[in-house]
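Trainee: Could you take me through one part of this model in detail, with the criteria behind each term spelled out as you go?

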Amino acid sequence: MASDFGILRRAWMELAYFSGYFRLKQRQRGGAGVILRFERVRPRDSRPFQPNRWREITPQFLDRTIQGLKRWNFDLVTMDEMCRRAVTLPRANRFACLTFDGGCKDVITQAYPVLSKHGVSFTVYLPTAFPDGLGEAWWLALEEMIAREDRISLVIDRKERRFATGSTSEKHDTFEFLSNWMRTLPPPDLSFAIHDLCTRYSVDLAALSRAASMDWDDLAKLATDPLVTIGSATVNYHPLSNLKGTDAQREMTMGKAVAETALRKPVRHFAYPFGDQQSWRREHVIMAQEAGFASAVSTIPGVVEARGFTNLHALPRIAWDGRQDSLRTMRVLLSGMMFPAVRPTRDNWV
């Protein structure tokens, strides 16, 4: 059913594109603009098991995306400008903000040359434990161990669980189950679970996490570029809904303070870690406001309305799935026709 739904959805989007129907819907649903969310940027990998493939785009696709946005008459703006346009009257051209989550190393090695070539602004949302070498990219460690093992075992709810991972389909099923389970754990339990697995299967979590992340020298280089905005994504990148209220608040305020101290400039914008509806709640919107952030972005899909109809501390983003490389699909998504209409009230928070 899921695959059938995906096929039907793609067919509907293709029809909307070639018929021009998306243009009509854009006038009704397009809002003031959109915020695009990316994560990793690196060349295509041919391995059959890549469960984190959706997190990645290629430098070539990034280049095509920027060309497409310019061709479609989007204004490529900073997050500060997005905040201004979200509370004023609509302009003739819609805006697009490019954002990158996680502070990944390939943002500076692969994405930055493309973005600089086009002279476009972008935002990096940084979890500050990672450039310090203390962050734990558990999803990468989980992928590595499942990729090379034919069987995985670990303790879940005080019981030893065993998973067959011999075939590619078994690997994908195991990764999906374990990553979804780990997403629900409080930080101490998550850290214990991934360290137990890494010890069992000889994965160097610290080295893997450091290699995938920018360090402070990389970030200092980006911070000197007026087209680059450095935002915060807490310290350790845990879903805020898994934390107690005081711990969530500390993660937000400390992430901001560490980045500001290291980069010697204000950090005004925030991204909820993971960003879906299960990872943050209304109380975290209030915390983001109290922490002094001008905006906070989610990964809940949608467009940004003008006239203040979209809460600046619960902003939607279109999180691009790197397994797709169709600009036609992107053009239809950017029209807003695939998302629910936003109620015109300042009380909205999602």
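Trainee: Please look closely at helix H7 (residues 168-183): what does His172 touch, not counting residues up to four places away in sequence?

Mentor: This is a predicted model, in which local features need pLDDT of at least 70 and side-chain atom pairs count only at pLDDT 80 or more, while totals for chains, interfaces and linings use all residues. Residues are numbered from 1 along each chain as its sequence is written, and side-chain values use heavy atoms, with hydrogens and water left out.

Helices (H or I, at least four residues) and strands (E, at least two) are DSSP runs numbered from the N terminus, and His172 is found in helix H7. Once residues up to four places away in sequence are set aside, His172 touches Pro48, Phe49, Gln50 and Pro51, where contact means heavy atoms within 4.5 Å. His172 is partly exposed, with a relative accessible area of 30%; buried means under 20%, exposed over 50% and partly exposed in between (1.4 Å probe, protein chains only). Between the C-alpha atoms of His172 and Arg37, which are 135 residues apart in sequence, the separation is 24 Å.

Glu170 also belongs to helix H7 and is partly exposed, at 32% relative accessible area. Together with Asp150, Asp173 and Glu176, Glu170 forms a patch of negative charge on the surface; patches are made of residues with over 30% relative accessible area and no salt bridge, like charges being joined within 9 Å. A salt bridge here is a side-chain nitrogen of Lys or Arg within 4 Å of a carboxyl oxygen of Asp or Glu.

Turning to the strand, Gly231 lies in E9 (residues 228-232) and is buried, with a relative accessible area of 0%. Leaving aside neighbours within four places in sequence, Gly231 is in contact with Thr123, Val124, Tyr125, Leu126, Val267 and His269. The C-alpha atoms of Gly231 and Leu126 are separated by 6.0 Å, although the two residues are 105 apart along the chain.

The loops bring in backbone geometry. Most residues other than glycine have a negative phi. Asp157, however, has a positive phi of about 55 degrees; this residue lies in the loop between strand E7 (151-156) and strand E8 (159-164) and is exposed, with a relative accessible area of 67%. Arg264, in the loop between helix H11 (245-263) and strand E10 (269-271), likewise has a positive phi, near 55 degrees, and is exposed at 78%.

How values were computed: Patch = residues over 30% accessible without salt bridge, like charges linked within 9 Å, V, L, I, M, F, W, Y side chains within 5 Å. Areas by Shrake-Rupley, 256 points an atom, 1.4 Å probe, with all protein chains shown as cover. Lys, Arg positive; Asp, Glu negative; His and termini not counted. Charge placed at Lys NZ, Arg CZ, Asp CG, Glu CD.
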